[in-house]
Amino acid sequence: MRERHPPSGGRGMGPLLMKKQTIATTTNYPKADPYGALSMPVYHCAAYEFDTAKHMSDAFCGRVLDPEYSRVMNPTVTFFEDRVKALTDAKNVFAFNSGMAAISTILFTFAAAGKNIVTSNHLFGNTVSLMRNTLKPFDIEIREINLLDLDAVRNAVDENTCAIFFEIITNPQMEVADISSLSEIARSKSVPLIADSTLIPFTEFSAKELGVDVEVVSSTKYISGGATSLGGLIIDYGTFPKVNMKIRFELLFNLGGYMTPHAAYMQTLGLETLHARYKVQADNALELATRLQTVPQIKRVNYTGLPDNKFHELSQKQFGKTAGAMLTIDLEDKAAAIRFINNLKVVHRATNLFDNKTLAIHPASTIFGPFSGSQRRAMDVYDTTIRLSIGLEDVDDIYEDIVQAASAQE
């Protein structure tokens with residue numbers, strides 16, 4: 001019988017010498033699989049048996065990183081984390097059961113009573129709610145400022161600032177901050193720079209090279225492989241040593257947000273096809289954004305991939321030639337936006353981003369619906385805006401459906 005081996009890191013090649021697409025399909029198993037399985041098995045179990053009392057004690061007390069209980073460590077999830085770590089050159093990666101779980105965990109890693117977080121009001125609706133509502137009883141101050149105004153950022157950061165938090169492209173405003181400049185400010189103040197990088201895959205750019213200390217990602221989006229599962233990631237670059245210890249030995253135990261093994265299996269497979277899917281989605285988004293500028297009923301197309309977009313140059317400098325698979329359009333008024341949503345035939349009326357299918361949503365009445373009209377206006381979330389997440393359908397079919405929906409009278 002021939003000897004079986006787990007997938008290797010390139011037969012002697014270090015993983016960082018390989019192209020990212022190869023890394024996405026190639027990660028060593030921590031232990032050899034007896035059957036030589038090409039995909040990491042799903043360990044659907046809660047607990048693990050130990051050889052001795054000492055081995056059990058060492059695992060529970062963190063002296064060895066062996067799984068003791070699947071609420072805090074599971075081999076299938078660890079394998080997914082290791083693959084992301086190889087792709088990002090991170091120090092530590094932690095997988096959670098949603099993007100919001102990842103965001104709340106990293107904020108609780110740094111925040112404490114009397115501390116403040118410097119951020120923007122141009123954030124995803126639930127992130128705004130987390131900042132303003134959930135953290136408020138813990139006496140954590142949220143300083144919402146214009147992150148494009150670097151002097152304002154410098155003035156907002158003080159000795160009680162525990163983090164600067166931002167989205168690399170805001171949802172749905174499509175604002176792009178200068179990450180390297182934010183990093184310089186954060187470094188000068190010894191404050192971590194935390195980036196929600198969900199809108200551009202981490203395979204397309206290096207947050208680490210731009211000076212980000214910790215990334216958070218909703219892996220439900222691009223990574224899951226077409227909305228197969230919920231998940232979130234904390235990608236820690238090791239500049240603040242407390243992150244690993246705090247999350248590994250306190251917050252995973254106490255908050256219970258760890259990813260499930262089945263989700264980790266699905267998202268490991270999703271990583272393998274990420275490059276191919278993203279290329280089609282990003283190309284479709286650019287083609288649509290270009291074409292939709294000529295549709296009379298569409299008053300504005302907002303996409304950083306367009307050469308005349310005010311963030312185009314900065315976006316290309318930071319994230320490369322692609323600009324993601326989300327864009328927004330603005331129609332004449334709220335009635336036209338609602339009519340548009342109701343008349344879609346190919347595009348799906350649904351939330352989420354970066355499904356294989358194209359999705360449309362009216363952010364003001366859904367994601368930001370709980371906020372008042374004045375609050376939405378302050379966040380630049382308008383009644384006229386439609387958010388589009390572009391999928392894998394033929395671009396002509398997506399375009400024709402958008403045009404007919406924008407032209408519909410009833």
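Reader: Is F249 buried, exposed or partly exposed?
Author: Partly exposed, with a relative accessible area of 32%. Keep in mind that this is a predicted model.

Reader: Which element holds F249?
Author: Helix 9, residues 242-255.

Reader: And which residues make a nonpolar surface patch with F249?
Author: L65 and M245. The patch made by L65, M245 and F249 covers about 300 Å².

Reader: Where's an antiparallel pair?
Author: Strand 6 (residues 214-217) with strand 7 (residues 232-236), over four bridges. V216 sits opposite I234 of strand 7 there.

Reader: Now strand 2. What does it pair with, and in which sense?
Author: Strand 3 (residues 141-144) is one partner, parallel, over four bridges. T119 has E144 as its bridge partner in that strand. Strand 4 (residues 161-167) is also parallel to strand 2, joined by three bridges.

Reader: What unit do strand 2 and strand 3 make with helix 5?
Author: A right-handed β-α-β unit, with helix 5 spanning residues 125-134.

Reader: Are the faces of strand 2 covered or open?
Author: Both are covered. N116 and V118 are buried on one side, I117 and T119 on the other.

Methods. Residues are numbered from 1 along each chain as its sequence is written. This is a predicted model: local features need pLDDT of at least 70, side-chain atom pairs count only at pLDDT 80 or more; totals for chains, interfaces and linings use all residues. Side-chain values use heavy atoms; hydrogens and water are left out. Buried means under 20% relative accessible area, exposed over 50%, partly exposed in between (1.4 Å probe, protein chains only). Helices (H or I, at least four residues) and strands (E, at least two) are DSSP runs, numbered from the N terminus. Two strands pair if DSSP finds at least two bridges between them. A crossover is right-handed if, with the strands pointing away from the viewer, the path from the first strand over the helix to the second runs clockwise. Patches are made of residues with over 30% relative accessible area and no salt bridge: like charges are joined within 9 Å, nonpolar side chains (Val, Leu, Ile, Met, Phe, Trp, Tyr) within 5 Å. Accessible areas come from the Shrake-Rupley method with a 1.4 Å probe; for residues, only the protein chains shown count as cover. A salt bridge is a side-chain nitrogen of Lys or Arg within 4 Å of a carboxyl oxygen of Asp or Glu.
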